[in-house]
Amino acid sequence: PSELALNYDTLLQFSIAGIGAYLCARNFGLSKLPSFVSAFSYMFSGFLVARVIQLSIMSGAAILPFVILFVDRALYKPTLPNVASAALAIVMQVFTGHPQIVVYNALFVGLLGLTRMFELTSMKGWRKQLFQTFTCLFSIYALAFLLAAVQLVPWVELAGQSVRSAGASFRFIFGDDVLSNRWL
């Protein structure tokens with residue numbers, strides 16, 4: 001039954017978020033107990049709990065720790081398996097169907113890349129490390145977007161047909177009630 005399937009899906013998303021947060025915390029050097037607390041805190045955070053009714057947002061946010069984990073590993077050791085793992089995590093996030101989460105996560109990954117670049121750089125080798133960090137992140141996202149093209153191409157096509165891109169007026173979106181303050 002669909003109701004049972006939705007309950008299982010919700011439980012699965014919480015579990016994915018918790019496992020990912022635990023592994024991410026362990027990757028950042030936390031011991032088992034703080035990693036467990038981090039996982040528990042993330043999987044039952046207000047953001048995820050409030051998104052139970054919006055499964056595409058919840059699913060994208062549940063995968064976020066895995067993206068951070070695999071991108072961080074690729075930044076430290078930019079081998080093909082690490083880059084491919086990071087790209088696959090991003091692809092899974094794209095396939096959840098909510099583009100805003102992917103964009104927000106990409107911004108965070110960029111900040112993570114800058115942080116790791118400064119951490120790994122001596123003052124003399126900052127240009128080389130900047131190039132390596134940029135190349136790694138570009139490779140991850142290029143591979144991810146190539147693999148996720150089956151989802152991204154329709155997104156771009158549908159965005160052009162959206163009411164938001166058609167130049168809808170404020171009055172059309174919110175109606176006359178907002179302009180006349182009838183609902184205040």
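**Helix packing, up close**

Author: Helix α1 and helix α2 make a right-handed crossing (the near helix is turned clockwise from the far one by less than a right angle; anticlockwise is left-handed). The model is predicted, so local features need pLDDT of at least 70 and side-chain atom pairs 80 or more, while totals for chains, interfaces and linings use all residues. Numbering runs from 1 along each chain as its sequence is written, and side-chain values use heavy atoms, without hydrogens or water.

Start with this pair. Helix α2 covers residues 32–43, and α1 covers residues 2–27 (helices are DSSP runs of H or I, at least four residues, numbered from the N terminus). Their axes come within 8 Å and cross at roughly 145 degrees (axes are fitted to C-alpha atoms over the stretch in contact; angles run from 0 to 180 degrees between N-to-C directions). Which residues meet? From α1 come F14, S15, A17, G18, A21, Y22, A25 and R26; from α2 come K32, S35, F36, S38, A39, Y42 and M43 (contact means heavy atoms within 4.5 Å). By class, this contact has nine nonpolar, four polar and two charged residues (Ala, Val, Leu, Ile, Met, Phe, Trp, Tyr, Cys and Pro are nonpolar; Asp, Glu, Lys and Arg charged; the others, Gly among them, polar).

Now take α1 with α4. Their axes lie 9 Å apart, at an angle of about 20 degrees. The two helices are therefore roughly parallel (under 35 degrees; over 145 is roughly antiparallel). α1 passes α4 in a left-handed crossing. This contact divides into 16 nonpolar, five polar and three charged residues.

Zoom in on Q13. Q13 sits in α1. Q13 is buried, with a relative accessible area of 8% (buried means under 20%, with a 1.4 Å probe and protein chains only). Leaving out residues up to four places away in sequence, Q13 touches M58, S59 and A62.

Last, follow α4 (residues 55–76) to α5 (residues 80–95). Their axes come within 8 Å and cross at roughly 165 degrees. That makes α4 roughly antiparallel to α5. The crossing is left-handed. Among the α4 residues that meet α5 are F66, F70 and R73. On the α5 side, the residues include V83, A89 and M92. The classes here are 12 nonpolar, four polar and one charged.

Notes
Buried < 20%, exposed > 50% of the residue type's maximum accessible area, 1.4 Å probe, protein only. Parallel < 35°, antiparallel > 145°, perpendicular 65-115°, else oblique.
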